[in-house]
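Here is a short report on one protein chain. Please keep the sequence and the model in view while reading.

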Amino acid sequence: MREFLEDAIRHQDAGQGRHQKDLIRELPKRFYKSVDVAETDGVFTVLLDGRVTKTPTGKQVGVGHADLAARMREEWDAQGDRIDPDMMPHVKLINSAVEAGEESRAALLDEVVKYAGNDLLLYRADSPRELVEKQEQIWDDVLVRIARHFSVSFQPTVGIVHRAQSPDMLKKLRGAIEPLHHVPATAMVSVTGLTGSGLLAIGLREQLVDADAAWTAAHVDEDYQISLWGEDYEAAARRRQRRLEFDAAVNVIKLLA
């Protein structure tokens, strides 16, 4: 049985390797030479050979901040012979927001608060002692900052059994992010998904925690496992990619929220 499983894993790895090579071959060719930024009535657009960039479904892309447009321009300009979306985190995020449109705003904000009510920071390990202490040290600091800022309280628990949080607390968090436009709301959901924590996304938006501290908090468990067993190469590569996406989302929140 063990030999069968090992053989299956080898075949799976080989298949993933072929899939990755196929993706590389399928990357679209760069079709433009010049990359510029234009501004009209406070809306900034990236121009490829003088044409406004569009989402995959053909919607024109514009943003309300010059610095954000500059980051997108840099990502387009940095592409080589092939266009790799994974190396364009700001462009990908903004495209996603434009595709979804303003009508997605309420659902995006609801998603952040839903995570906050069942948040990574609220479910603690009971052992080993080193991990428990690390969670308490890092996660409690974030929770205290948020609790004081919003005058709310949290009910952390040990284990994975659901523990309901105060509806009033969740209502306050939802009210705090209600003014957000759908573009920073999309970035908030991105941070929430990448960290497993709506509270970290809200803490970032309220400037209660910085990007590095939020990233560290999101990876307490993973970093503990790495300290025991070392870091897997593929896992490290995936983490670096997630950090690119995380940093882009944080930039959007800072600039537009």
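## A covered strand

S2 is mostly covered, with five of its six residues buried. Buried means under 20% relative accessible area, exposed over 50%, and partly exposed in between (1.4 Å probe, protein chains only). Strands (E, at least two residues) and helices (H or I, at least four) are DSSP runs, numbered from the N terminus.

This is a predicted model: local features need pLDDT of at least 70, side-chain atom pairs count only at pLDDT 80 or more, and totals for chains, interfaces and linings use all residues. Residues are numbered from 1 along each chain as its sequence is written, and side-chain values use heavy atoms, with hydrogens and water left out.

## The sheet around S2

S1, S2 and S3 form an open three-stranded sheet in the order S1-S2-S3, with antiparallel pairing. S1 and S3 (51–52) are the edge strands, each pairing on one side only. Two strands pair if DSSP finds at least two bridges between them. In general, strands of a sheet pair through backbone hydrogen bonds, either parallel or antiparallel.

S1 (residues 35–40) and S2 (residues 43–48) share six bridges. Ala38 has Thr45 in S2 as its bridge partner. Glu39 stands opposite Phe44 in S2. Two residues separate the strands in the hairpin of S1 and S2, where Asp41 takes a positive phi near 55°.

Leu47 is bridged to Val52 in S3. The hairpin of S2 and S3 also has two residues between its strands. There, Asp49 takes a positive phi near 50°.

## An enclosed helix

Which residues of H8 are buried? They are Gly198, Leu199, Leu200, Ala201, Ile202, Gly203, Leu204 and Arg205. Eight of the eight residues of H8 (residues 198–205) are buried, so this helix is largely enclosed by the rest of the structure.

The buried residues of H8 pack against H4 (105–116), H5, H6 (167–177), H7 (182–195), H9 and H11 (233–256). Contact here means heavy atoms within 4.5 Å.

## The nonpolar core

The largest nonpolar core has 66 residues. Trp76, Ile94, Phe154, Leu199 and Phe246 touch the most other members. The largest share of this core, eight residues, comes from H5 (residues 129–150). A nonpolar core is a set of buried Ala, Val, Leu, Ile, Met, Phe, Trp, Tyr and Cys residues joined through side-chain atoms within 4.5 Å.

Phe154 touches Leu122, Leu143, Ile146, Ala147, Gln165, Met169 and Leu199, leaving aside residues up to four places away in sequence. Leu199 is also one of the buried residues of H8.

Is His90 buried or exposed? His90 is buried, at a relative accessible area of 7%. This residue is found in H3 (residues 89–100). Not counting residues up to four places away in sequence, His90 touches Leu68, Arg71, Met72, Glu75, Ala248 and Asn251.

Thr216 lies in H9 (residues 211–218). With 36% relative accessibility, Thr216 counts as partly exposed. Thr216 and Trp139 are 77 residues apart along the chain, and their C-alpha atoms are separated by 9.7 Å.

## The whole chain

The protein chain holds eleven helices and five strands. Its C-alpha trace spans about 60 × 55 × 25 Å along the principal axes. Of its 257 residues, 40% count as buried. Among contacts between residues at least 6 apart in sequence, 64% join residues at least 24 apart.

The accessible surface comes to about 14700 Å², and 52% of this belongs to carbon and sulfur atoms. Accessible areas come from the Shrake-Rupley method with a 1.4 Å probe; for residues, only the protein chains shown count as cover.

The chain has 33 positive and 42 negative side chains, and the centres of the two sets lie 2 Å apart. Lys and Arg count as positive and Asp and Glu as negative, while His and the chain ends are not counted. The place of a charge is taken as NZ of Lys, CZ of Arg, CG of Asp or CD of Glu.
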